[in-house]
Each structure stands twice: as structure tokens, then as C-alpha cells.
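Here is a quick walk through some charged pairs, a helix pair and a surface patch. Have the model open as you read.

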Amino acid sequence: METHRQAEPQATAGRRAGGRSRLLRHLLQLGAVGVVAYFFIRERDLFAGFGAAVSSLNWYWVVLAFAVELASVPPLAEAQRIVLRTGGVESDRLRMNLVTLASNAISLSVPAGVALAEGYAYTRYRRFGANAAVAAWSELASGAIAFCGLAAIALVGAVIAGGGAEPVLLPLLSVVLAGSAGAALLFRYPTLMVRALDWVESNLGPAGDWLCRATRGFRKSARTLAHVRPTMGQWGSAWGLSVVNWLLDAACLALAFAAVRSRVPWGAVLLAFAGSKVVTSIGITPGGLGVVEGGLVATFVAYGLPGADAGAAVLVYRALTLIGLVGIGWGVVAAQAVADRRHDAARRAERAERGEPSTTHRRRG
């Protein structure tokens, strides 16, 4: 009884903390969207001609942009297959492409989408035959490699775009690239990474304690990955494919400028694109909705693009990704769910025919 009475206040405190967290998140979302709305209202004169730009779309470039966006999926899926293979698990190429489409849809359309998408990919990796440790490590390593590629694209974009911000951006992005490359390389040595995290926990005080709590599950599983030894060739291939994925995605944004009959600001496209992906991963709003659009338009205007052209191009790009690609991805999620239910039902039927107990029944005694 005493244990039960102690548990009730703890559960109540947990609910209150969760409620405060949700309230804070909603306030942050409203604030971010409010700032973007204020920018568009205050600078509305910059967007004169926006309606004309949207109404005179060149649909050839719109279709080509969507085709390029779809083409960005296979390189990322192949990079993930390479990482999973280094953990000793072979995965079907088509199935991995479907997982990539589904994960992208989840990450771009629901609150905390990035975390949910990682959980979805983790469960699919388990169905491919990966154990818990390999599935978790593969998902995290793929993310680290992809972010390193994104940092490289941002740095190249800053060099091409130039401008007054270059003296600040180049050193900053160089540090980000070096740090992300170090993290990606560290994932080649899972057990070494665990030892590094253990050292951080022991020597960085409160920050180390927080990191300890955040990585406890990963560290526990990663200690079993002593057999994982990816080669530099495998890691380089995964990185290169991730870069191709990002470049094709950025090309979709560039082609959106062609679709609204505007010049393509390649340097600003690469720089703004990389920044938008970081904002999306933070998850301030589902898929960065509102915030990403504002950031992209503001960046293009800062680099000298007419506001009407920038707004129209961003609208086309976000429509293709948030409606077109996400729509396909959710179709894949639904199809995978139906296939999983049928597969699980068939396995239960096979076990029943063999007289084996169902795994859903708990053993008593």
C-alpha cells in the first residue's frame, strides 16, 4: 500500500511535467510562427508580384523538380543499406527504399517527427533481422553520416554565395563540418564511442549526467558491437550517397526557381537548404511548417532575390515535399502496416498448426 501511495504522487508529477513540456512546446511553436508571420506582414512590399509568379508557373520545371525529389530517395536508402550491412545484416533494396519514404513522411508531418521516424526505422531494421544493438547503432550512424554530408553542402554553399556573412559563416561551418565528421568517424568504433561517453559522464558534471541519461540505452546495447568494424571505403560510400541525396533534394529547390521563371541562386540555395534541414530536425513545428518557409525566404531575400520570386519558389518546393513526397510516404506506411498484420497473422496460424503456444500469451505459474 505504501508503495502504491508513493507511486501516485510520482505519476501525478510526471503528468504535470509532461503537461508543462507540451505547453512550452506549443508556446514555442506559436512564437516561432508569429515571428515569421510578422516578418511577412512587415515586409509585404517585398512580395509584390507574388500572385503573378505563382499563377505563371512553368509546369515542365515543376514536374522535373518533383522527379528530382523522388530521385533523392534511392541514394539515401542505399547509404542506410551499406551501414546496416556493416553490422552484418543484409536488407532488400526495395524494402529499404520504402522504409526511407515512410520515415521521411513521418519526420515531416507529425510532432516530434524526427524521433518517431527514427523509431519507425528501428522497428523496420529489426524486421530485416537486425538485433536491437545493430538496429539502434545503424540508425544513429546513418544520421551522423548524413549530417556530415549536410554540413559539407552548407559550407560549399557559403563559399559560392559569398556576401557579408561569409567571414562569420565560413569559420562556423568549418567547425560544424569538422565536428560532424569526427562524430561520423567515431561511429565506426562503437565500443570506443561508449568509452568516450563514459569519460564525458565522469568528467563533465551536470552536462555529463544529462548525456548519460540520454545515451544509457545506446551505450548498453553498443557494448555488444565489438564485431562491427566498418571500413573507410564503406563509410566513404555511405557519406557520398548521403551527399547525393542532399544535392538532389537541393536541386529540387533550385528547379523551383526555374518553375517560377526566376534565376537560380545556387550558393544561396545550398546554404538555405542546409539551414532548413537543421530547423526541420529540431522539430519546432511538424516538418518545420511555417518556420522553414520563413527562413528560406528570408535567406534568399538577404542574398538579393526578389521577395515574390523567393516566396513563390519556396511555396512550390514545400508543396512538392510536404504534399507530394509525404503523401507517397504515408501511403507506404499504410501499405507496410497492412503487410505486417498479414505476415503476423500468417505466422500465428503456422504456430497454431504446429501446436505451438502463441507469443501473445503470457506463461503462468
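E78 and R81 pair up through their side chains in a salt bridge, 3.0 Å from N to O. A salt bridge here is a side-chain nitrogen of Lys or Arg within 4 Å of a carboxyl oxygen of Asp or Glu, and the count by this rule comes to 8. Both residues sit in helix α4, 3 residues apart, which is about one turn of the helix. Helices are DSSP runs (H or I, at least four residues), numbered from the N terminus.

E78 is buried, with a relative accessible area of 17%, and R81 is buried too, at 8%. Buried means under 20% relative accessible area, exposed means over 50%, and partly exposed is in between (1.4 Å probe, protein chains only). Leaving aside residues up to four places away in sequence, E78 touches R85, R93 and L241; contact means heavy atoms within 4.5 Å.

## What the model is

This is a predicted model, where local features need pLDDT of at least 70, side-chain atom pairs count only at pLDDT 80 or more, and totals for chains, interfaces and linings use all residues. Residues are numbered from 1 along each chain as its sequence is written, and side-chain values use heavy atoms, with hydrogens and water left out.

## Salt bridges across the chain

R127 forms a salt bridge with D344, with the closest N and O atoms 3.3 Å apart. R127 lies in helix α6 (residues 113-128) and D344 in helix α14 (residues 307-353), so the pair ties together parts that are 217 residues apart in sequence. R127 is partly exposed at 36% relative accessibility, and D344 is partly exposed at 28%.

Then there's D249, which forms a salt bridge with K277 at 3.1 Å between the closest N and O atoms. D249 is buried, with a relative accessible area of 7%. Back with R127 and D344, salt bridges that share partners join them with R124 and D340 into one network.

F147, L172, V176 and V278 make a nonpolar surface patch of about 300 Å². Patches take residues with over 30% relative accessible area and no salt bridge, joining like charges within 9 Å and nonpolar side chains (Val, Leu, Ile, Met, Phe, Trp, Tyr) within 5 Å. Accessible areas come from the Shrake-Rupley method with a 1.4 Å probe; for residues, only the protein chains shown count as cover. F147 is in helix α7 (residues 132-161) and is partly exposed, at 37%.

Definitions and conventions: Helices (H or I, at least four residues) and strands (E, at least two) are DSSP runs, numbered from the N terminus.
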